[in-house]
Amino acid sequence: MGPTDKGEGVYNVVVIGAGTAGLVTAAGTAGLGGRVALIERNRMGGDCLNFGCVPSKALIRSSRVAALMRRADLYALDPVKPLVDYGRVVLRVKALRARLEPNDSVERFERLGVDVFPGDASLESEHSVRVDGTLLRARNIVLATGGRAVVPDVPGLKEAGFETNETIFERETPPGHLLVVGGGPVGCELAQAMVRLGARVTLVDRGPHVLHREDADVAALVQARMEEDGVRLLLRGRVESVVPGRAAPHRVKVRREGGTGGPDDPLEIEADTILIAAGRTPNVEGLGLDRARVASTGRGVTVNAYLQTSRKTIYAAGDVCGSLHFTHVAEHHARIVVRNILLSPFQGLLRARADQRVVPWTTFTEPEVARVGLNETDAAQTDVRFDVHRFPYSDLDRAILESEEEGFVKVIAARGRGTILGATVVGAGAGELIHELALAMKQGIGLQSLSSLIHVYPTLSQAVQRTADAFMRTKLTPGARAIFSRLYAWQRRGL
(Lines give C-alpha, C1' and ligand atoms only; values in the text may rest on other atoms or scores of the structure.)
Protein backbone atom coordinates (compact mmCIF):
# COMPACT_ATOMS: atom_id res chain seq x y z
CA MET A 1 0.00 0.00 0.00
CA GLY A 2 1.23 3.50 -0.78
CA PRO A 3 1.34 6.46 1.59
CA THR A 4 -1.99 7.95 2.70
CA ASP A 5 -2.55 11.67 3.16
CA LYS A 6 -2.69 12.95 6.71
CA GLY A 7 -6.17 12.48 8.13
CA GLU A 8 -7.32 10.27 5.26
CA GLY A 9 -7.87 6.54 5.23
CA VAL A 10 -7.87 4.32 8.30
CA TYR A 11 -5.42 4.50 11.22
CA ASN A 12 -4.45 1.54 13.33
CA VAL A 13 -4.67 3.79 16.39
CA VAL A 14 -5.94 7.28 17.13
CA VAL A 15 -4.55 8.48 20.46
CA ILE A 16 -6.28 11.32 22.32
CA GLY A 17 -3.83 13.09 24.62
CA ALA A 18 -0.09 13.66 24.34
CA GLY A 19 0.97 13.08 27.91
CA THR A 20 3.07 10.11 28.98
CA ALA A 21 0.45 7.45 28.22
CA GLY A 22 -0.40 8.94 24.84
CA LEU A 23 3.17 9.56 23.74
CA VAL A 24 4.37 6.07 24.66
CA THR A 25 1.37 4.51 22.92
CA ALA A 26 1.91 6.57 19.77
CA ALA A 27 5.67 6.03 19.59
CA GLY A 28 5.41 2.33 20.39
CA THR A 29 2.73 1.63 17.80
CA ALA A 30 4.48 3.68 15.11
CA GLY A 31 7.77 1.97 15.90
CA LEU A 32 6.14 -1.40 15.27
CA GLY A 33 4.89 -0.24 11.87
CA GLY A 34 1.39 0.91 12.76
CA ARG A 35 -0.32 4.01 11.37
CA VAL A 36 -0.99 6.44 14.22
CA ALA A 37 -2.75 9.76 14.74
CA LEU A 38 -2.08 11.73 17.93
CA ILE A 39 -4.39 14.53 19.13
CA GLU A 40 -3.44 17.13 21.75
CA ARG A 41 -5.39 20.27 22.67
CA ASN A 42 -2.77 21.78 24.94
CA ARG A 43 0.99 21.25 25.22
CA MET A 44 2.86 18.17 24.06
CA GLY A 45 4.26 16.27 27.01
CA GLY A 46 1.18 16.62 29.17
CA ASP A 47 1.17 17.10 32.90
CA CYS A 48 4.50 15.46 33.73
CA LEU A 49 6.68 17.56 31.45
CA ASN A 50 4.87 20.86 31.74
CA PHE A 51 3.20 21.01 35.15
CA GLY A 52 4.30 18.04 37.24
CA CYS A 53 7.31 15.80 37.70
CA VAL A 54 9.79 17.76 35.61
CA PRO A 55 9.36 21.35 36.86
CA SER A 56 8.63 20.30 40.44
CA LYS A 57 11.80 18.24 40.77
CA ALA A 58 13.90 21.06 39.30
CA LEU A 59 12.39 23.47 41.83
CA ILE A 60 12.88 20.99 44.67
CA ARG A 61 16.55 20.61 43.79
CA SER A 62 17.15 24.35 44.18
CA SER A 63 15.27 24.32 47.48
CA ARG A 64 17.32 21.39 48.79
CA VAL A 65 20.56 23.23 48.03
CA ALA A 66 19.23 26.28 49.87
CA ALA A 67 18.34 24.12 52.88
CA LEU A 68 21.75 22.43 52.82
CA MET A 69 23.47 25.81 52.88
CA ARG A 70 21.56 26.69 56.05
CA ARG A 71 22.55 23.34 57.63
CA ALA A 72 26.22 23.39 56.59
CA ASP A 73 27.26 23.23 60.25
CA LEU A 74 26.31 19.53 60.16
CA TYR A 75 29.37 19.10 57.94
CA ALA A 76 31.74 21.29 59.97
CA LEU A 77 31.23 24.21 57.58
CA ASP A 78 29.88 27.66 58.29
CA PRO A 79 26.15 27.83 57.59
CA VAL A 80 25.09 30.42 55.02
CA LYS A 81 21.76 32.14 54.56
CA PRO A 82 21.25 31.90 50.80
CA LEU A 83 20.20 34.95 48.81
CA VAL A 84 17.25 33.57 46.89
CA ASP A 85 16.25 35.25 43.65
CA TYR A 86 12.99 33.42 43.05
CA GLY A 87 12.67 34.60 39.47
CA ARG A 88 16.12 33.22 38.70
CA VAL A 89 15.14 29.87 40.21
CA VAL A 90 12.04 29.70 38.01
CA LEU A 91 14.07 30.58 34.92
CA ARG A 92 16.32 27.60 35.70
CA VAL A 93 13.24 25.38 36.03
CA LYS A 94 11.97 26.55 32.64
CA ALA A 95 15.38 26.16 31.01
CA LEU A 96 15.71 22.56 32.22
CA ARG A 97 12.19 21.78 31.07
CA ALA A 98 13.03 23.26 27.66
CA ARG A 99 15.96 20.83 27.37
CA LEU A 100 13.55 17.91 27.70
CA GLU A 101 10.78 19.30 25.49
CA PRO A 102 12.24 18.08 22.17
CA ASN A 103 11.73 14.48 23.29
CA ASP A 104 7.98 15.12 23.36
CA SER A 105 7.71 17.60 20.50
CA VAL A 106 5.45 17.55 17.46
CA GLU A 107 8.55 17.52 15.23
CA ARG A 108 9.98 14.39 16.83
CA PHE A 109 6.73 12.47 16.64
CA GLU A 110 6.16 13.42 13.05
CA ARG A 111 9.67 12.15 12.30
CA LEU A 112 8.58 8.89 13.93
CA GLY A 113 5.74 8.71 11.44
CA VAL A 114 2.93 9.88 13.74
CA ASP A 115 0.32 12.29 12.35
CA VAL A 116 -0.12 14.97 15.04
CA PHE A 117 -3.33 16.98 15.20
CA PRO A 118 -3.68 19.98 17.54
CA GLY A 119 -7.19 20.59 18.84
CA ASP A 120 -10.12 19.22 20.84
CA ALA A 121 -11.09 15.62 20.19
CA SER A 122 -14.49 13.99 20.55
CA LEU A 123 -15.57 10.40 19.99
CA GLU A 124 -18.08 9.93 17.18
CA SER A 125 -18.20 6.14 17.40
CA GLU A 126 -16.08 3.19 18.45
CA HIS A 127 -14.02 3.68 15.30
CA SER A 128 -14.04 7.44 14.69
CA VAL A 129 -12.85 10.65 16.34
CA ARG A 130 -13.57 14.23 15.32
CA VAL A 131 -10.88 16.84 15.87
CA ASP A 132 -11.78 20.45 14.97
CA GLY A 133 -13.90 19.43 12.00
CA THR A 134 -11.71 16.59 10.75
CA LEU A 135 -13.07 13.06 11.11
CA LEU A 136 -10.41 10.42 11.77
CA ARG A 137 -11.17 6.73 11.34
CA ALA A 138 -9.30 4.03 13.26
CA ARG A 139 -9.34 0.36 14.09
CA ASN A 140 -8.63 1.31 17.71
CA ILE A 141 -8.81 4.45 19.83
CA VAL A 142 -6.83 5.19 22.98
CA LEU A 143 -8.05 7.70 25.58
CA ALA A 144 -5.04 9.23 27.34
CA THR A 145 -6.35 12.64 28.36
CA GLY A 146 -4.89 12.63 31.87
CA GLY A 147 -6.26 14.59 34.80
CA ARG A 148 -6.18 17.96 36.50
CA ALA A 149 -6.31 19.45 39.97
CA VAL A 150 -9.59 19.29 41.88
CA VAL A 151 -10.70 22.80 42.85
CA PRO A 152 -12.88 22.80 45.98
CA ASP A 153 -16.11 24.80 46.01
CA VAL A 154 -15.11 27.48 48.50
CA PRO A 155 -16.93 30.83 48.57
CA GLY A 156 -14.65 33.60 47.34
CA LEU A 157 -11.88 31.32 46.06
CA LYS A 158 -12.57 31.89 42.37
CA GLU A 159 -12.79 35.66 42.87
CA ALA A 160 -9.53 35.72 44.84
CA GLY A 161 -7.69 33.68 42.25
CA PHE A 162 -5.53 30.67 42.97
CA GLU A 163 -2.65 28.58 41.66
CA THR A 164 -2.55 24.87 40.84
CA ASN A 165 0.32 22.71 39.64
CA GLU A 166 -0.60 23.89 36.11
CA THR A 167 0.18 27.54 36.89
CA ILE A 168 2.56 27.71 39.87
CA PHE A 169 5.68 26.98 37.80
CA GLU A 170 4.94 29.75 35.33
CA ARG A 171 5.00 32.65 37.79
CA GLU A 172 8.36 34.33 38.20
CA THR A 173 7.46 36.42 41.26
CA PRO A 174 7.76 34.99 44.77
CA PRO A 175 4.47 33.86 46.31
CA GLY A 176 4.81 35.88 49.53
CA HIS A 177 2.67 34.20 52.18
CA LEU A 178 1.58 30.98 50.48
CA LEU A 179 -1.44 29.02 51.67
CA VAL A 180 -1.35 25.41 50.45
CA VAL A 181 -4.68 23.59 50.49
CA GLY A 182 -4.00 19.86 50.64
CA GLY A 183 -1.38 17.75 52.41
CA GLY A 184 -0.81 15.06 49.80
CA PRO A 185 2.43 14.57 47.87
CA VAL A 186 2.05 17.68 45.70
CA GLY A 187 1.07 19.91 48.60
CA CYS A 188 3.88 18.70 50.85
CA GLU A 189 6.57 18.84 48.17
CA LEU A 190 5.70 22.39 47.13
CA ALA A 191 5.09 23.67 50.65
CA GLN A 192 8.55 22.53 51.74
CA ALA A 193 10.22 23.76 48.56
CA MET A 194 8.62 27.20 48.77
CA VAL A 195 9.44 27.77 52.43
CA ARG A 196 13.07 26.84 51.75
CA LEU A 197 13.10 29.38 48.91
CA GLY A 198 12.02 32.15 51.23
CA ALA A 199 8.20 32.11 51.27
CA ARG A 200 6.04 32.05 54.37
CA VAL A 201 3.97 28.88 54.06
CA THR A 202 0.84 27.59 55.79
CA LEU A 203 -0.55 24.17 54.82
CA VAL A 204 -4.14 23.16 55.57
CA ASP A 205 -5.31 19.56 55.39
CA ARG A 206 -8.41 17.78 56.64
CA GLY A 207 -6.58 14.69 57.85
CA PRO A 208 -4.87 13.94 61.17
CA HIS A 209 -1.52 13.91 59.39
CA VAL A 210 -0.08 14.79 55.99
CA LEU A 211 0.41 12.09 53.33
CA HIS A 212 -2.78 10.28 54.36
CA ARG A 213 -1.92 7.19 52.30
CA GLU A 214 1.20 6.59 54.40
CA ASP A 215 1.59 5.23 57.92
CA ALA A 216 1.41 7.76 60.73
CA ASP A 217 5.01 7.13 61.83
CA VAL A 218 6.18 7.85 58.28
CA ALA A 219 4.15 11.06 58.02
CA ALA A 220 5.43 12.16 61.43
CA LEU A 221 9.01 12.35 60.16
CA VAL A 222 7.95 14.43 57.16
CA GLN A 223 5.82 16.73 59.31
CA ALA A 224 8.67 17.28 61.76
CA ARG A 225 11.07 18.32 58.99
CA MET A 226 8.48 20.55 57.33
CA GLU A 227 7.83 22.36 60.61
CA GLU A 228 11.57 22.62 61.23
CA ASP A 229 11.86 24.27 57.82
CA GLY A 230 9.17 26.76 58.83
CA VAL A 231 5.93 25.38 57.35
CA ARG A 232 2.91 26.05 59.55
CA LEU A 233 0.67 22.96 59.54
CA LEU A 234 -3.06 23.24 60.22
CA LEU A 235 -4.28 19.64 60.35
CA ARG A 236 -7.88 18.54 60.72
CA GLY A 237 -8.74 21.83 59.09
CA ARG A 238 -10.73 22.97 56.08
CA VAL A 239 -10.97 26.24 54.22
CA GLU A 240 -14.46 27.68 54.71
CA SER A 241 -14.27 30.91 52.76
CA VAL A 242 -11.96 33.43 51.13
CA VAL A 243 -12.35 37.19 51.17
CA PRO A 244 -10.43 38.44 48.12
CA GLY A 245 -7.80 41.07 48.80
CA ARG A 246 -7.88 44.30 46.86
CA ALA A 247 -4.18 45.07 46.44
CA ALA A 248 -3.85 43.36 49.81
CA PRO A 249 -3.61 39.78 51.11
CA HIS A 250 -6.65 37.53 50.85
CA ARG A 251 -8.37 36.69 54.14
CA VAL A 252 -8.92 32.95 54.40
CA LYS A 253 -11.17 31.40 57.05
CA VAL A 254 -10.04 27.97 58.25
CA ARG A 255 -12.13 25.86 60.62
CA ARG A 256 -10.45 23.05 62.53
CA GLU A 257 -12.15 19.86 63.69
CA GLY A 258 -12.92 19.96 67.39
CA GLY A 259 -12.59 23.75 67.52
CA THR A 260 -13.42 25.52 70.74
CA GLY A 261 -15.72 28.11 69.23
CA GLY A 262 -13.51 30.76 70.79
CA PRO A 263 -11.95 33.82 69.14
CA ASP A 264 -9.45 31.67 67.23
CA ASP A 265 -12.10 29.30 65.87
CA PRO A 266 -12.29 29.60 62.96
CA LEU A 267 -8.83 30.92 62.23
CA GLU A 268 -8.38 33.78 59.81
CA ILE A 269 -5.22 33.64 57.73
CA GLU A 270 -3.86 36.31 55.46
CA ALA A 271 -2.41 34.85 52.27
CA ASP A 272 -0.86 36.49 49.24
CA THR A 273 -1.09 33.32 47.15
CA ILE A 274 -3.35 30.27 47.42
CA LEU A 275 -2.16 26.94 45.99
CA ILE A 276 -4.78 24.24 45.50
CA ALA A 277 -3.34 20.71 45.88
CA ALA A 278 -6.41 18.81 47.03
CA GLY A 279 -6.43 15.86 44.67
CA ARG A 280 -6.93 15.05 41.00
CA THR A 281 -9.88 14.49 38.68
CA PRO A 282 -9.89 12.87 35.21
CA ASN A 283 -10.23 14.90 32.02
CA VAL A 284 -13.34 13.38 30.43
CA GLU A 285 -15.43 16.43 29.62
CA GLY A 286 -16.18 16.91 25.93
CA LEU A 287 -14.81 13.49 24.93
CA GLY A 288 -18.20 12.23 23.73
CA LEU A 289 -18.14 9.20 26.02
CA ASP A 290 -21.93 8.93 26.09
CA ARG A 291 -22.20 9.20 22.31
CA ALA A 292 -19.70 6.36 21.86
CA ARG A 293 -21.28 4.45 24.77
CA VAL A 294 -18.06 4.36 26.79
CA ALA A 295 -18.74 3.75 30.49
CA SER A 296 -17.24 6.03 33.13
CA THR A 297 -17.61 7.01 36.78
CA GLY A 298 -16.53 10.02 38.79
CA ARG A 299 -13.11 8.39 39.07
CA GLY A 300 -12.62 8.16 35.32
CA VAL A 301 -13.14 5.87 32.35
CA THR A 302 -13.98 2.28 33.32
CA VAL A 303 -11.51 -0.30 32.00
CA ASN A 304 -10.95 -4.04 32.34
CA ALA A 305 -7.67 -5.78 33.14
CA TYR A 306 -6.58 -5.34 29.51
CA LEU A 307 -7.31 -1.58 29.66
CA GLN A 308 -10.27 -1.92 27.30
CA THR A 309 -13.28 0.29 27.95
CA SER A 310 -16.89 -0.90 27.61
CA ARG A 311 -16.30 -0.55 23.85
CA LYS A 312 -13.62 -3.16 23.19
CA THR A 313 -11.94 -1.20 20.38
CA ILE A 314 -11.44 1.79 22.68
CA TYR A 315 -8.73 1.63 25.33
CA ALA A 316 -7.83 4.04 28.15
CA ALA A 317 -4.46 4.57 29.83
CA GLY A 318 -3.03 6.73 32.58
CA ASP A 319 -4.83 9.12 34.91
CA VAL A 320 -8.03 9.20 32.84
CA CYS A 321 -8.97 5.69 33.97
CA GLY A 322 -8.75 6.58 37.65
CA SER A 323 -5.64 4.55 38.37
CA LEU A 324 -2.68 5.47 40.51
CA HIS A 325 -1.76 8.94 39.27
CA PHE A 326 1.90 8.41 38.44
CA THR A 327 3.87 8.91 35.24
CA HIS A 328 5.41 5.45 35.52
CA VAL A 329 1.95 3.86 35.81
CA ALA A 330 0.87 5.75 32.68
CA GLU A 331 3.91 4.37 30.86
CA HIS A 332 3.12 0.87 32.09
CA HIS A 333 -0.44 1.24 30.82
CA ALA A 334 0.78 2.42 27.43
CA ARG A 335 3.05 -0.60 27.01
CA ILE A 336 0.11 -2.88 27.79
CA VAL A 337 -2.12 -1.05 25.31
CA VAL A 338 0.45 -1.21 22.50
CA ARG A 339 0.83 -4.97 22.97
CA ASN A 340 -2.87 -5.68 23.24
CA ILE A 341 -3.80 -3.64 20.17
CA LEU A 342 -1.09 -5.35 18.14
CA LEU A 343 -2.34 -8.79 19.16
CA SER A 344 -6.06 -7.95 19.07
CA PRO A 345 -6.72 -10.01 15.88
CA PHE A 346 -5.72 -13.18 17.74
CA GLN A 347 -8.84 -13.32 19.92
CA GLY A 348 -7.09 -12.54 23.19
CA LEU A 349 -4.10 -14.81 22.68
CA LEU A 350 -0.96 -13.46 24.39
CA ARG A 351 -2.74 -10.37 25.70
CA ALA A 352 -1.18 -8.66 28.71
CA ARG A 353 -2.91 -7.53 31.88
CA ALA A 354 -2.16 -4.27 33.64
CA ASP A 355 -0.50 -5.39 36.87
CA GLN A 356 -0.73 -2.75 39.60
CA ARG A 357 -0.03 -5.03 42.53
CA VAL A 358 3.62 -3.96 42.57
CA VAL A 359 3.75 -0.21 41.88
CA PRO A 360 6.45 1.80 43.67
CA TRP A 361 6.05 5.52 44.23
CA THR A 362 7.98 8.31 45.92
CA THR A 363 7.10 11.61 47.55
CA PHE A 364 10.09 13.91 47.06
CA THR A 365 10.01 15.75 50.34
CA GLU A 366 12.93 15.68 52.73
CA PRO A 367 12.99 13.05 54.04
CA GLU A 368 11.82 11.22 50.93
CA VAL A 369 9.01 8.68 51.29
CA ALA A 370 8.96 5.64 48.99
CA ARG A 371 6.42 2.87 49.05
CA VAL A 372 5.45 -0.34 47.29
CA GLY A 373 2.60 -2.70 48.13
CA LEU A 374 0.97 -2.78 51.55
CA ASN A 375 1.98 -0.53 54.39
CA GLU A 376 1.34 -1.38 58.02
CA THR A 377 -2.01 0.44 58.13
CA ASP A 378 -3.31 -1.30 55.00
CA ALA A 379 -2.09 -4.71 56.15
CA ALA A 380 -3.94 -4.34 59.46
CA GLN A 381 -7.20 -3.91 57.52
CA THR A 382 -6.80 -7.24 55.71
CA ASP A 383 -7.14 -10.84 56.87
CA VAL A 384 -3.49 -11.49 56.05
CA ARG A 385 -1.26 -12.48 58.96
CA PHE A 386 1.92 -10.43 58.78
CA ASP A 387 5.09 -9.34 60.54
CA VAL A 388 6.77 -5.95 60.46
CA HIS A 389 10.55 -5.79 60.06
CA ARG A 390 12.33 -2.46 60.53
CA PHE A 391 15.78 -0.98 60.38
CA PRO A 392 16.55 2.61 61.36
CA TYR A 393 18.84 4.88 59.38
CA SER A 394 20.39 5.90 62.70
CA ASP A 395 22.08 2.47 62.85
CA LEU A 396 23.30 2.59 59.23
CA ASP A 397 26.94 3.54 58.79
CA ARG A 398 26.52 5.47 55.52
CA ALA A 399 23.56 7.45 56.88
CA ILE A 400 25.63 8.39 59.94
CA LEU A 401 28.55 9.49 57.77
CA GLU A 402 26.19 11.57 55.60
CA SER A 403 24.46 13.09 58.66
CA GLU A 404 21.22 11.63 57.28
CA GLU A 405 20.15 9.56 60.26
CA GLU A 406 16.46 10.45 60.01
CA GLY A 407 14.46 7.59 58.56
CA PHE A 408 13.93 3.85 58.41
CA VAL A 409 13.04 0.90 56.22
CA LYS A 410 9.87 -0.98 57.11
CA VAL A 411 8.93 -4.23 55.37
CA ILE A 412 5.59 -6.00 55.70
CA ALA A 413 6.10 -9.75 55.29
CA ALA A 414 3.88 -12.82 55.55
CA ARG A 415 3.80 -14.10 59.14
CA GLY A 416 6.77 -16.35 59.84
CA ARG A 417 7.96 -16.18 56.24
CA GLY A 418 10.06 -13.73 54.28
CA THR A 419 7.50 -13.17 51.52
CA ILE A 420 7.33 -9.41 50.96
CA LEU A 421 3.81 -7.95 50.97
CA GLY A 422 4.92 -4.33 50.93
CA ALA A 423 7.61 -1.93 52.03
CA THR A 424 8.09 1.71 52.96
CA VAL A 425 11.37 3.60 53.01
CA VAL A 426 11.52 7.04 54.56
CA GLY A 427 14.83 8.87 54.47
CA ALA A 428 17.60 10.00 52.15
CA GLY A 429 17.59 8.16 48.82
CA ALA A 430 14.31 6.39 49.54
CA GLY A 431 13.19 6.74 45.94
CA GLU A 432 16.23 4.79 44.79
CA LEU A 433 16.18 2.12 47.52
CA ILE A 434 12.56 1.13 46.93
CA HIS A 435 13.32 -0.55 43.59
CA GLU A 436 15.26 -3.42 45.13
CA LEU A 437 12.26 -4.18 47.32
CA ALA A 438 9.81 -3.76 44.44
CA LEU A 439 11.77 -6.16 42.24
CA ALA A 440 12.01 -8.69 45.06
CA MET A 441 8.28 -8.43 45.67
CA LYS A 442 7.40 -8.83 41.98
CA GLN A 443 9.72 -11.80 41.44
CA GLY A 444 8.85 -13.54 44.70
CA ILE A 445 12.32 -13.06 46.16
CA GLY A 446 12.09 -13.29 49.93
CA LEU A 447 13.89 -11.46 52.72
CA GLN A 448 16.19 -14.44 53.22
CA SER A 449 17.63 -13.90 49.73
CA LEU A 450 18.00 -10.14 50.27
CA SER A 451 19.86 -10.84 53.49
CA SER A 452 22.32 -13.13 51.70
CA LEU A 453 22.89 -10.74 48.77
CA ILE A 454 26.23 -8.92 49.05
CA HIS A 455 25.62 -5.16 49.25
CA VAL A 456 28.35 -2.59 48.76
CA TYR A 457 29.70 -1.07 51.98
CA PRO A 458 29.10 1.70 52.90
CA THR A 459 25.90 2.49 51.03
CA LEU A 460 22.35 3.45 51.93
CA SER A 461 21.17 0.31 50.14
CA GLN A 462 22.52 -1.72 53.04
CA ALA A 463 19.44 -0.55 54.96
CA VAL A 464 17.45 -3.02 52.86
CA GLN A 465 19.88 -5.83 53.69
CA ARG A 466 19.83 -4.94 57.39
CA THR A 467 16.03 -5.07 57.39
CA ALA A 468 16.23 -8.52 55.84
CA ASP A 469 18.78 -9.44 58.52
CA ALA A 470 16.19 -8.45 61.13
CA PHE A 471 13.85 -11.03 59.63
CA MET A 472 16.58 -13.67 59.75
CA ARG A 473 17.11 -13.03 63.44
CA THR A 474 13.49 -13.99 64.08
CA LYS A 475 14.40 -17.48 62.93
CA LEU A 476 16.81 -17.84 65.84
CA THR A 477 14.31 -19.16 68.38
CA PRO A 478 15.39 -19.99 71.96
CA GLY A 479 15.21 -23.69 71.09
CA ALA A 480 17.41 -23.28 68.01
CA ARG A 481 19.89 -21.18 69.96
CA ALA A 482 20.10 -23.85 72.65
CA ILE A 483 20.89 -26.49 70.02
CA PHE A 484 23.59 -24.29 68.47
CA SER A 485 25.05 -23.59 71.90
CA ARG A 486 25.41 -27.32 72.59
CA LEU A 487 26.98 -27.80 69.14
CA TYR A 488 29.56 -25.10 69.86
CA ALA A 489 30.29 -26.68 73.24
CA TRP A 490 30.84 -30.07 71.59
CA GLN A 491 33.26 -28.48 69.11
CA ARG A 492 35.38 -27.12 71.99
CA ARG A 493 35.92 -30.54 73.58
CA GLY A 494 39.40 -31.98 73.61
CA LEU A 495 41.29 -28.70 73.14
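This note describes selected helices, sheets and hairpins of the structure above.

1. Basis of the note. The model is predicted, with local features requiring pLDDT of at least 70, side-chain atom pairs counting only at pLDDT 80 or more, and totals for chains, interfaces and linings using all residues. Residues are numbered from 1 along each chain as its sequence is written, and side-chain values use heavy atoms, leaving out hydrogens and water.

2. Helix H1. Helices (H or I, at least four residues) and strands (E, at least two) are DSSP runs, numbered from the N terminus. Helix H1 covers residues 20-31. Its twelve residues reach 16 Å from the first C-alpha to the last, close to the 16 Å expected at 1.5 Å a residue; the expected span is 1.5 Å times one less than the number of residues. After H1 comes Gly 33, which has a positive phi near 105°.

3. Surroundings of H1. Thr 20, Ala 21, Gly 22, Leu 23, Thr 25, Ala 26, Thr 29 and Ala 30 are the buried residues of H1, where buried means under 20% relative accessible area (1.4 Å probe, protein chains only). These residues pack against strand E1 (10-16), strand E2 (36-40), helix H2 (46-51), helix H5 (106-111), E6 and H9. Contact here means heavy atoms within 4.5 Å.

4. H1 and H9. The axes of H1 and helix H9 (residues 327-342) come within 8 Å and cross at roughly 30°. Axes are lines fitted to C-alpha atoms, for helices over the stretch in contact, and angles run from 0 to 180 degrees between N-to-C directions. H1 contributes Thr 20, Ala 21, Val 24, Thr 25, Gly 28 and Thr 29 to the contact, and H9 contributes Thr 327, Ala 330, Glu 331, Ala 334, Arg 335, Val 337 and Val 338. By class, six residues of this contact are nonpolar, five are polar and two are charged.

5. Two strands pair if DSSP finds at least two bridges between them. Strand E4 (residues 121-125) and strand E5 (residues 128-131) run antiparallel and are joined by four bridges; Leu 123 has Val 129 of E5 as its bridge partner. These two strands form a hairpin with two residues between them. Four bridges also join E5 to strand E6 (residues 134-143), again antiparallel, with Ser 128 partnered by Arg 137 in E6. The hairpin of E5 and E6 has two residues between its strands, and Asp 132 takes a positive phi near 45°.

6. The three-stranded sheet. This open sheet has the order E11-E12-E13, with antiparallel pairing. Strand E11 (237-243) and strand E13 (267-271) are its edge strands, each pairing on one side only. Neighbouring strands are turned by 30° against each other on average, direction ignored. Strand E12 (residues 250-256) is joined to E13 by five bridges, and His 250 has Ala 271 of E13 as its bridge partner.

7. The five-stranded sheet. A further open sheet has the order E19-E20-E23-E22-E21, with antiparallel pairing. Its edges are strand E19 (361-363) and strand E21 (386-392), each of which pairs on one side only. The twist averages 15° from one strand to the next. Seven bridges join E21 to strand E22 (residues 408-414), and Val 411 of E22 is the bridge partner of His 389. Helix H12 (residues 430-443) lies across E19, strand E20 (369-373), E22 and strand E23 (420-426), and runs at about 175° to E23.

Technical notes:
Nonpolar A, V, L, I, M, F, W, Y, C, P; charged D, E, K, R; others polar. Buried < 20%, exposed > 50% of the residue type's maximum accessible area, 1.4 Å probe, protein only.
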